[in-house]
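Let's read a structure together, one feature at a time. Have the viewer open and follow along as the questions come.

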Amino acid sequence: MSTLLIKNGLVIGPHGQEIQDILIRDQLFVELSPVIHPPDDTKIVDAGGKWVLPGVIDPHTHMGIPIKDGHSADTFATGSPSALHGGVTTILDFTVLESGQTLAESLDARIELASESLCDVGIHINITRFEPEILAEIPELIARGFNSFKVFTTYAEANMMLTYDQIEAVASIISQHNGVLMVHSEDNDVVTSSSKPFVQEKQTHPRYHGLSRPASAELEAVRQLGEISSRTNCTIYIVHLNTADGLAKAAEYPLLKVETCPHYLLLSEKMYERGDGQMFVSSPPLRTEADCEALWQGIQNGQIHTIGSDHCPFCLADKPDGMAFQDIPNGMGGVETLFPTLLAQFIDRHLDLELLIRLTSRNPAEIFAIDHLKGGIKPGLHADLMIVDPWSIRDDWESSLETSLDWNAYTDYPALFPETVIRRGEIVVEKSSLKSPSTGHILKSN
Ligand code: URP
Ligand code: ZN
Ligand code: ZN
């Protein structure tokens with residue numbers, strides 16, 4: 001039995017910061033109290049004057065997903081150490097449904113790949129084919145402890161799209177079994193008609209990626225999904241929402257949950273005009289500065305429930321300058337900078353750190369039904385936490401990253417990296433450097 005005591009940390013809760021000792025035994029939080037006298041063989045970590053925050057749950061990563069001519073640049077083996085360095089102790093990743101595979105086969109393949117992860121891993125199940133056999137698997141998979149499924153309202157050209165009628169049929173089944181439906185929400189008809197002029201006129205600059213996937217695509221998809229959630233009584237989680245209009249529409253539907261991402265909060269469509277503008281191509285595209293500000297408002301008024309990285313990185317050579325926007329691999333990296341940049345922003349904007357904890361830990365745990373395991377610093381939960389020195393905010397953090405990637409979108413932003421990270425009671429980052437952690441667990445919903 002290994003026992004660890006985090007001494008004198010400033011634990012952030014609903015009533016502000018309180019100095020607490022935290023006792024950890026056998027991977028779990030055991031006790032929180034202003035003074036704990038531990039057994040003799042306890043290892044003590046001094047957190048005096050520092051914040052102690054729950055380990056982050058990143059609800060949206062894509063480790064090594066196949067694209068047209070290759071894979072996104074991080075695998076579970078390379079992406080998870082950088083996640084830990086940024087305080088992310090749990091990632092929720094997605095299956096890839098290959099042709100001819102069942103959902104269960106795609107899940108088993110993903111579990112196999114995730115065995116290399118140093119973070120704990122939950123897995124969402126992508127449904128990119130609408131067939132009776134596939135629908136019949138949903139209840140069995142929920143019973144197995146995998147309760148979240150994702151569909152796309154677009155990417156018809158990649159054979160990944162479901163129509164709204166098909167999505168409604170999927171939502172009905174998921175709702176009957178208390179699961180969650182996640183949706184990539186860009187209306188395909190709007191995208192198709194908006195892209196046509198740029199394709200016809202052979203306009204290939206990255207800015208046309210943004211113009212070909214306008215905000216109205218998100219608005220229409222969110223409206224349709226809101227109606228589906230009401231008709232089916234299904235909780236629908238809108239992934240990577242990024243427009244003011246989409247956010248306002250989502251707020252009309254009580255069963256919609258909303259995720260946004262750091263790139264949509266911090267970076268605007270102006271990035272496409274930079275020399276390396278192609279590196280910022282992701283779907284949905286970056287929006288206006290007014291949209292970014294509307295998302296910050298949505299964070300403060302509770303209309304946004306989680307912040308995920310949508311970690312899907314590519315290296316400079318994968319997105320060469322001059323590549324036509326239609327051919328640029330979609331996606332950006334961000335699992336390592338997710339929390340450190342948000343924390344710096346929350347401090348700068350004088351926002352409540354308890355709200356940040358809710359968005360990055362408690363809410364994803366509750367929405368994806370892993371709150372019996374994770375989601376806060378509470379006796380009985382997995383001992384996932386980080387210790388942060390509030391005074392160590394930095395601008396020159398890029399060289400200290402663990403990532404193997406050669407490009408980072410956030411170098412213009414300050415960041416506050418954790419000093420110590422603990423995952424299930426194991427110290428995985430010490431003095432801001434990665435140790436040699438054991439591998440993660442696959443998580444099941446309750
Ligand atoms: O452009 C993005 N976001 N790529 C990753 C896949 C997705 O749609 O989330
Ligand atoms: Zn997506
Ligand atoms: Zn994604």
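## Reading the features

Strand 12 is largely enclosed by the rest of the structure, because five of its five residues are buried. Please keep in mind that this is a predicted model.

Q: How do I read the side chains of strand 12, and which residues point each way?

A: In a regular strand, side chains alternate between the two faces of the sheet. Here Val180, Met182 and His184 point one way from strand 12, while Leu181 and Val183 point the other way. All of these residues are buried.

Q: Which strands pair with strand 12, and in which sense?

A: Strand 11 pairs with strand 12 in the parallel sense, over five bridges. Within that pairing, valine 151 has valine 183 of strand 12 as its bridge partner. To get from strand 11 to strand 12 the chain passes through helix 4, and this β-α-β crossover is right-handed. Strand 13 (residues 235–238) also pairs with strand 12 in the parallel sense, over four bridges. There, methionine 182 has tyrosine 237 of strand 13 as its bridge partner.

Q: What is the strand order of the sheet?

A: The open sheet has eight strands in the order 6-9-10-11-12-13-14-15, with parallel pairing. Strand 6 (56–61) and strand 15 (306–307) are the edge strands, each pairing on one side only. Elsewhere in the order, strand 9 (residues 88–94) and strand 10 (residues 120–126) pair in the parallel sense over five bridges. Threonine 90 has aspartate 120 of strand 10 as its bridge partner.

Q: How should I read helix 4, and which of its residues are buried?

A: An α-helix has 3.6 residues a turn, so residues three or four places apart point the same way. In helix 4 the buried residues are Tyr164, Ile167, Glu168, Val170, Ala171, Ile173, Ile174 and Ser175. They pack against helix 3 (132–143), strand 11 (148–152), strand 12 (180–184) and helix 7 (215–232).

Q: What is the span of helix 4 from its first C-alpha to its last?

A: Helix 4 (residues 164–176) has 13 residues and reaches 18 Å, close to the 18 Å expected at 1.5 Å a residue. Just after helix 4, asparagine 178 takes a positive phi of about 60°.

Q: Is lysine 431 buried or exposed?

A: Lysine 431 is exposed, with a relative accessible area of 72%. It lies in the loop between strand 18 (426–430) and strand 19 (433–434). Although lysine 431 is not a glycine, it has a positive phi of about 50°.

Q: Where does the chain have a cis peptide bond?

A: Look at the bond from serine 283 to proline 284, which is cis with omega near -5°. Proline 284 sits in the loop between helix 9 (262–266) and helix 10 (289–300).

Q: How do I read a pocket, and which residues lie nearest the centre of the second largest pocket?

A: Rolling a probe the size of a water molecule over the atoms shows where empty space is left. The second largest pocket holds about 420 Å³ of space. It is lined by 24 residues, and Ile12, Pro14, Gly376, Ile377 and Lys378 lie nearest its centre. Two or more lining residues come from each of strand 1 (3–13), strand 2 (16–25), strand 5 (51–54) and helix 12 (353–367). Helix 12 gives the largest share of that lining, six residues.

Q: How accessible is glutamate 366?

A: Glutamate 366, which is in helix 12, is partly exposed, with a relative accessible area of 44%. Glutamate 366 and serine 106 are 260 residues apart in sequence, and their C-alpha atoms are 25 Å apart in space.

Q: Which residues does alanine 250 touch, leaving aside those up to four places away in sequence?

A: Alanine 250 touches Val222, Leu241, Leu256 and Val258. Alanine 250 belongs to helix 8 (residues 244–250) and counts as buried, at 4% relative accessibility. Its C-alpha is separated by 22 Å from that of glutamate 269, 19 residues apart along the chain.

Key: Residues numbered from 1 in each chain as written. Chains lettered and ligands numbered in written order. Predicted model: local features only at pLDDT ≥ 70, side-chain atom pairs only at ≥ 80, totals over all residues. Heavy atoms only, no water. Buried < 20%, exposed > 50% of the residue type's maximum accessible area, 1.4 Å probe, protein only. Contact = heavy atoms within 4.5 Å. Expected span 1.5 Å × (residues − 1). Pairing = 2+ DSSP bridges. Right-handed = clockwise from strand over helix to strand, strands pointing away. 1 Å grid on protein atoms, 1.4 Å probe; cavity = no way out; pocket = protein on both sides within 12 Å on 5 of 7 lines; lining within 4 Å. Points joined across faces, edges and corners; volume = space filled by probe spheres on them.
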